[in-house]
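Biologist: I am new to this structure and would like to learn how to read some of its features. Could we take them one at a time?

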Amino acid sequence: MMQVGDPGLSGGGLMGNCQILTCCFIFLGLSSSSLGSSEPLQDVFTQAEAQLWKDATKTCAEALLESEALNAPQLLAASETCSDEEDRAFLAVAGQIRSGADSQAFKPLGDLDELVIAALVMAQAVAYGNSPTLQLLRDPSFLQRLTARINVWVPRLAPDYRPGWEFRNDIDPADYEMLIGLNRTEMLLAIAEQSEIVQDDEYFAAYVEAEEIMERNGGSLVPDDPDYDRYVELSDIIARVATRIRDQAPSRPVDMAINELVLRPDRSDTFRQIYSGMRGVDKSVADTFESAEAVHGSWLATSVSEDELADLIDLVDFGSEILVAISSGRRQNATGNIHIVDVSYNGLLQIWSVTGRVGVHEDGCGFGEDQQFPFALAVAPRPDGQVVSSGYSISNYADLCWNAGD
């Protein structure tokens, strides 16, 4: 099946056909080498996958009748059983909306539950890459039908609802409804944008030829081969057309109520953010510091003034706490707001996992092309176990137009 998304030199769609273990490393910002032997980790992720899919046994027909009550794994798994492509697309999109809302709303209770969520996020990405097909998206009437079905789909939050993992927090139904609405809007906008892109004849012809090249080369290309050179040309065409169409899309107003909800740490979280700035490092990175000496020898020493660094170190009791830092890398459209919304230690992987949100403004805000390097710091309790590495997830959110220097 052809996948939605701009083909890159790896020959895949949004996430390609990566294994969940590898995808979770991507999600956490890790490599298998940073965690030592992958064999025991494979057992852990196999257990997480089994937990995620254990109750996802609905057929396509059953899921269509019960779609408003089902969780994301049930919807995504059922979509794979549909013979009708439009039913398959509907259940896949519904599953992605549920997945986005649930992974934001239901805070994992334990270490394994955290990995179950990571596996769901990757399954959501694979589903986006596989459905709807390009042929469906080339049909404008399909987009109208899919949008109508999704807009009348109202997922329920029953008292006994379970997302696929154990969670530790209470869910406000009004907050959950807002998260569903946010993910519904984002999904439909992304699909509408992709539909407009693939209807462009230049884009579609380049995409089809690129897929054919990749298929006849077994999914791998070698530099200095004519097929490789042609694939690079086609990828440039695909990127250029997609960028042109995306740049023509109208800006959307910022919903500050949604921002407040998405950026709000859970009441049961034990970390606290203590600083944000715009002079981080030129790459996305998450680091943890267990001593003042480690902080002085890090990139933080050049990102804040000497007095600021001393004041920040004074806020950390290194006997019982650690300092967590996350940097988003180079940004041209950052507003100056960067939030750490989750910090947790996973004892199974022996890693810190940090989630950050970076505020970005629309082009219409009229700011210049200044390079910014947003970063943020938080203090978290020192874990009982060993810390092998730090993983991270960083995403943008639409912010109001204001200058980082204000």
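Biologist: Is W299 buried or exposed?

Modeller: This is a predicted model, and the values are computed from it. Buried means under 20% relative accessible area. W299 has 15% relative accessibility, so it counts as buried. F375, at 0%, counts as buried too.

Biologist: How do I describe a pair of aromatic rings?

Modeller: By the distance of the centres and the angle of the planes. For W299 and F375 the centres are 5.6 Å apart and the planes stand at 85°, an edge-to-face pair. W299 lies in the loop between α13 (292-296) and α14 (300-303), while F375 is in strand β6, so the pair ties together parts that are 76 residues apart in sequence.

Biologist: How many aromatic pairs does a search of the whole structure find?

Modeller: Seven. One of them joins F106 and Y176: with ring centres 6.0 Å apart and planes at 65°, the pair is edge-to-face. F106 sits in the loop between α5 (85-105) and α6 (111-130), Y176 in helix α9 (residues 173-198), and 70 residues separate the two. F106 has 2% relative accessibility and counts as buried; Y176, at 3%, is also buried. Through ring pairs, F106, Y161, F167 and Y176 are linked into a cluster.

Biologist: How do strands of a sheet pair?

Modeller: Through backbone hydrogen bonds, either parallel or antiparallel. In β6, L377 is the bridge partner of Y275, and A378 is that of V324.

Biologist: Why is β6 largely enclosed by the rest of the structure?

Modeller: Six of its seven residues are buried, so the rest of the structure largely encloses β6.

Biologist: What is Y275 in contact with, leaving aside its neighbours within four places in sequence?

Modeller: Y275 belongs to strand β1 (residues 272-277). It is in contact with V304, E308, L312, F375, A376 and L377. The side chains of Y275 and E308 are joined by a polar contact of 3.4 Å.

Biologist: What is the order of the strands in the open sheet of three?

Modeller: The order is β4-β5-β7, with mixed pairing. Its edge strands, β4 (334-346) and β7 (389-398), each pair on one side only. β4 pairs with β5 (residues 351-360) in the antiparallel sense over nine bridges, and I338 stands opposite V358 in β5.

Terms used: Residues numbered from 1 in each chain as written. Predicted model: local features only at pLDDT ≥ 70, side-chain atom pairs only at ≥ 80, totals over all residues. Heavy atoms only, no water. Pairing = 2+ DSSP bridges. Helix = DSSP H or I, 4+ residues; strand = E, 2+ residues; numbered from the N terminus. Contact = heavy atoms within 4.5 Å. Polar contact = N/O pair within 3.5 Å; in protein donor to acceptor, adjacent residues only side chain to side chain. Buried < 20%, exposed > 50% of the residue type's maximum accessible area, 1.4 Å probe, protein only. Phe/Tyr/Trp six-rings, centres within 6.5 Å; stacked < 30°, edge-to-face > 60°.
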